[in-house]
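Subject: The model, and some notes to go with it

Hi there,

Here is the structure I said I would pass on. Have a look at it first, and then read my notes below.

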Amino acid sequence: MIKKEFRPHPNDRHNLLCYLSSMLITFFGFYGFTYLVTWLTIEKTGNPQLLGNVMAMTMLPAIGLNLVAGRVLKYYSAKQMMFITDILTGILFIGAYYALNTVSWQINCLVIVAVLNKSIGDFYKLSNKTILPDLFAPGNIQIVNGYQTQIRQLAIGSATMLVTMALWVTPATLILIMGIAFLVSAGLD
């Protein structure tokens, strides 16, 4: 087996640090929020059927938005789209923090935020897949994809554990922290 080595291109090291840091924040935020919605839905309602409905509703926008996202990327660069989606997600989560602290219909609020989060995520995901040639030398893209896959796997497993350990803080506060993290991620895009 031949091991590929990361051969630095003049901007690759800086791009790699910013790109992977942004991915780390984004993946942790996305999977952490998904787990938090799952936990809160079961905690507040005790109804696993409702949880299934919530998860299904979050996937519905993806059917049409994946097609729209490709067309939007013809007019905006992937870098601009990643920046915009991180800003929108940050604002969405910060808004959710305030809504969860003021409304009595928390589950409905979470469903709306989850659907909007997934919708924004469709644009982010496509941008993320198309930006690599703009950031890295062609010989390094496969290596960067490998790093990204490892970060995603790390985020899937550890976001759940971290959110579970942090539930001594209110779920709304965790969402606020995630929202702020997404704004930081936008600065790295």
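How are α3 and α6 roughly oriented to each other, parallel or antiparallel? Please keep in mind that this is a predicted model. In it, helix α3 covers residues 78–102 and helix α6 covers residues 171–188, and the two pack at an angle of about 160°. Angles over 145 degrees count as roughly antiparallel, and α3 and α6 are therefore roughly antiparallel to each other. Their axes lie 7 Å apart, and their crossing is left-handed.

Sorted by class, the contact of α3 with α6 has 16 nonpolar residues, six polar ones and one charged.

Next, the other helix pairs.

Helix α3 also packs with α4: their axes come within 8 Å and cross at roughly 165°. That angle makes α3 roughly antiparallel to α4. The crossing of α3 and α4 is left-handed, and their contact has 17 nonpolar, seven polar and two charged residues.

For α4 and α5, the axes come within 10 Å and cross at roughly 145°. The crossing of α4 and α5 is right-handed. On the α4 side the contact is made by N128, L132 and P133, and on the α5 side by I141, V144, N145 and Q148. Four of the residues in the contact of α4 with α5 are nonpolar, three are polar and none is charged.

The largest pocket holds about 280 Å³ of space. Its lining has 17 residues, and T26, F30, G121, Y124 and K125 are the ones that lie nearest the centre of this pocket. Helices α1 (12–45), α3 and α4 (106–135) each supply at least two residues of that lining. Which helix gives the most to the lining of the largest pocket? Helix α4 does, with eight residues. By class, the lining of the largest pocket is made up of six nonpolar, six polar and five charged residues.

The second largest pocket holds about 220 Å³. Around it you will find I25, F28, G29, G32, A159, L162, V163, A166, L174, I177, M178 and A181. At least two residues of this lining come from each of α1, α5 (141–165) and α6. How many residues in the lining of the second largest pocket are charged? There are none: ten are nonpolar and two are polar.

Best wishes

Terms used
Residues numbered from 1 in each chain as written. Predicted model: local features only at pLDDT ≥ 70, side-chain atom pairs only at ≥ 80, totals over all residues. Heavy atoms only, no water. Axes fitted to C-alpha atoms, helices over the stretch in contact; angles between N-to-C directions. Helix = DSSP H or I, 4+ residues; strand = E, 2+ residues; numbered from the N terminus. Parallel < 35°, antiparallel > 145°, perpendicular 65-115°, else oblique. Left-handed = near helix turned anticlockwise from the far one by under 90°. Nonpolar A, V, L, I, M, F, W, Y, C, P; charged D, E, K, R; others polar. 1 Å grid on protein atoms, 1.4 Å probe; cavity = no way out; pocket = protein on both sides within 12 Å on 5 of 7 lines; lining within 4 Å. Points joined across faces, edges and corners; volume = space filled by probe spheres on them. Contact = heavy atoms within 4.5 Å.
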